[in-house]
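Here's a quick briefing to read alongside the model. Have the sequence and the 3D view open as you go.

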Amino acid sequence: MVLYSMPSSGNSYKVRLLLALLGRDYSHVPVEARSPGIEAAKAAGQLPMGKAPALHLDTGEILTESNAILWYLGEGTGWIPPDPLARARMLSWMFFEQNRHEPVIAVRAALRCYPDRAEAATPERMAELYEAGQDILSLMEQGLGEAPFFGGARADLADIALYGYTHSAESRGGFDLGACPRLRAWIARIADLPGYVELMPDA
Ligand SMILES: N[C@@H](CCC(=O)N[C@@H](CS)C(=O)NCC(=O)O)C(=O)O
């Protein structure tokens, strides 16, 4: 397998994290935003949707969309619960992540961290994203409840999907997890999982 992934992106990180937790071997092609490498990969059809991550399988198939890639890699492992209701709950968090969480938490981080996005980081936009993001984090705090993981007693793909951008919501996104002690404990719990890797270990 060859993974085209963006080193600084939470969507790409989810896939690298699951591969590491599963102990799977793969080749990595880093394609950072606005680099010649990512443009070359797009031009060569290696990122068919024009975005990273993309997983190139040994069969020649290319899989896109981080959460779909998580599903593919998670099949037949303990990362997808066997119970239909638990699987549906996992998907519910994964859709929430792409539909509501990522467009706010990741976008605010991008506006703060990527210099070429700074122009769009107006005080109004940043305040709006902050307020919306704090609400999203509160929903997660409540949703997690007393459970150690979003998957319940053990972590599932929802935990990986949500971790991608939540773990750096404070450092990169400028959010405040002070009122979310369970989320903070959950972040630490994920980082303790055997095989865990950081977002950008070489950075
Ligand atoms: N929904 C997609 C989003 C992928 C995405 O937006 N990737 C961004 C980085 S987070 C990207 O490749 N940007 C590079 C570009 O647009 O040139 C997923 O979860 O995989």
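What follows covers the ligand site, then a few individual residues and some backbone details.

This is a predicted model, where local features need pLDDT of at least 70, side-chain atom pairs count only at pLDDT 80 or more, and totals for chains, interfaces and linings use all residues. Residues are numbered from 1 along each chain as its sequence is written, and side-chain values use heavy atoms, with hydrogens and water left out.

**The ligand site**

- The ligand is surrounded by Met6, Ser9, Asn11, Ile38, Lys42, Lys51, Ala52, Pro53, Glu65, Ser66, Gln98 and Tyr165 (a residue is near if one of its heavy atoms lies within 4 Å).
- Sorted by class, that shell has 5 nonpolar, 4 polar and 3 charged residues (Ala, Val, Leu, Ile, Met, Phe, Trp, Tyr, Cys and Pro count as nonpolar, Asp, Glu, Lys and Arg as charged, and the others, Gly among them, as polar).
- Oxygen atoms of the ligand have polar side-chain atoms around them: one from serine 66 at 2.6 Å and one from asparagine 11 at 3.5 Å.
- An N or O atom in the side chain of glutamine 98 is 2.7 Å from a nitrogen atom of the ligand.
- On its own the ligand has 510 Å² of accessible area, and the protein covers 78% of that (Shrake-Rupley method, 1.4 Å probe).

**Histidine 101**

- You'll find histidine 101 in helix α4, residues 84–113 (helices are DSSP runs of H or I with at least four residues, strands are E runs of at least two, and both are numbered from the N terminus).
- Histidine 101 counts as buried because its relative accessibility is 0% (buried is under 20%, exposed over 50%, partly exposed in between, with a 1.4 Å probe and protein chains only).
- The side chains of histidine 101 and threonine 166 are joined by a polar contact of 2.8 Å (a pair of N or O atoms within 3.5 Å; within protein, one must be able to donate a hydrogen and the other to accept it, and residues adjacent in sequence count only if both atoms are side-chain atoms).

**Backbone details**

- Most residues other than glycine have a negative phi, and most peptide bonds are trans.
- Alanine 52 and proline 53 are joined by a cis peptide bond, with omega about 10 degrees.
- Arginine 34 isn't a glycine but has a positive phi of about 55 degrees, and it sits in the loop between β2 and α2.
- Glutamate 65 has a positive phi of about 75 degrees and lies in the loop between β4 (62–64) and α3 (66–74).
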